[in-house]
Amino acid sequence: MSNQTLERIARNKNVARAAARQLSMEQLNKLAEVIGEVIEQKNDEEKRRQEDEAQKARKLAEIREQINEAGLSIDDLVPDQPKRKRGRPPKNAKDADKA
């Protein structure tokens, strides 16, 4: 099955019923098992992602607090970026250097 077919089945109950009619009860039970496992995996991944984001937010808050306690600002930590030249070099820049 293609990704588009699965999306159609997931969005429309009648399409899902039509697809299910083509499968035996054994196949439907196996499909339900597999989909259940996939859902569990997705839930676990989402929980881990949320925990990672929460941990990152806590660390960021700690670092900001330490910066404030030290009397610094974020601008003190980041050096000024060099200004970039705008525009493109001339097409014959290599030839001009050789002459």
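Ile-35 is partly exposed because its relative accessibility is 42%, where partly exposed denotes the range between buried (under 20% relative accessible area) and exposed (over 50%), computed with a 1.4 Å probe and protein chains only. Ile-35 lies in helix H3; helices here are DSSP runs of H or I with at least four residues, strands are E runs with at least two, and both are numbered from the N terminus. The model is a predicted one, in which local features need pLDDT of at least 70 and side-chain atom pairs count only at pLDDT 80 or more, while totals for chains, interfaces and linings use all residues. Residues are numbered from 1 along each chain as its sequence is written, and side-chain values use heavy atoms, with hydrogens and water left out.

The mean pLDDT (the predictor's confidence in each residue, from 0 to 100) is 86 for the chain, and 92% of the residues reach 70 or more. Helix H3 has the highest confidence in the chain, at a mean of 95, whereas helix H5 (residues 93–98) has the lowest, at 60.

Ile-35 also belongs to a nonpolar surface patch, together with Leu-23, Leu-31 and Ile-39. The accessible area of these residues together is about 320 Å², by the Shrake-Rupley method with a 1.4 Å probe, where for residues only the protein chains shown count as cover. Patches are made of residues with over 30% relative accessible area and no salt bridge; nonpolar side chains (Val, Leu, Ile, Met, Phe, Trp, Tyr) are joined within 5 Å and like charges within 9 Å.

A patch of negative charge is also found on the surface, where Glu-33, Glu-37, Glu-40, Asp-44 and Glu-45 gather. In this count Asp and Glu are negative and Lys and Arg positive, with His and the chain ends not counted; the place of a charge is taken as CD of Glu, CG of Asp, NZ of Lys or CZ of Arg. Glu-37, one of the patch members, is found in helix H3, which spans residues 25–69. Glu-37 counts as partly exposed because its relative accessibility is 49%. From Glu-37 to Gln-27, ten residues away in sequence, the C-alpha to C-alpha distance is 15 Å.

Turning to side-chain pairing, the structure holds two salt bridges, each defined as a side-chain nitrogen of Lys or Arg within 4 Å of a carboxyl oxygen of Asp or Glu. One joins Arg-49 to Glu-46, at 2.4 Å from N to O. These two residues both lie in helix H3, three residues apart, about one turn of the helix. In the other, Arg-49 pairs with Glu-53, with the closest N and O atoms 2.4 Å apart. Glu-53 and Arg-49 are both in helix H3 as well, four residues apart, again about one turn. Arg-49 is partly exposed, at a relative accessible area of 38%; so is Glu-46, at 33%, and Glu-53 is partly exposed at 45%.

Finally, Ile-74 is found in helix H4 (residues 74–77). Ile-74 counts as partly exposed because its relative accessibility is 47%. Ile-74 and Gln-22 are 52 residues apart along the chain, and their C-alpha atoms are separated by 62 Å.
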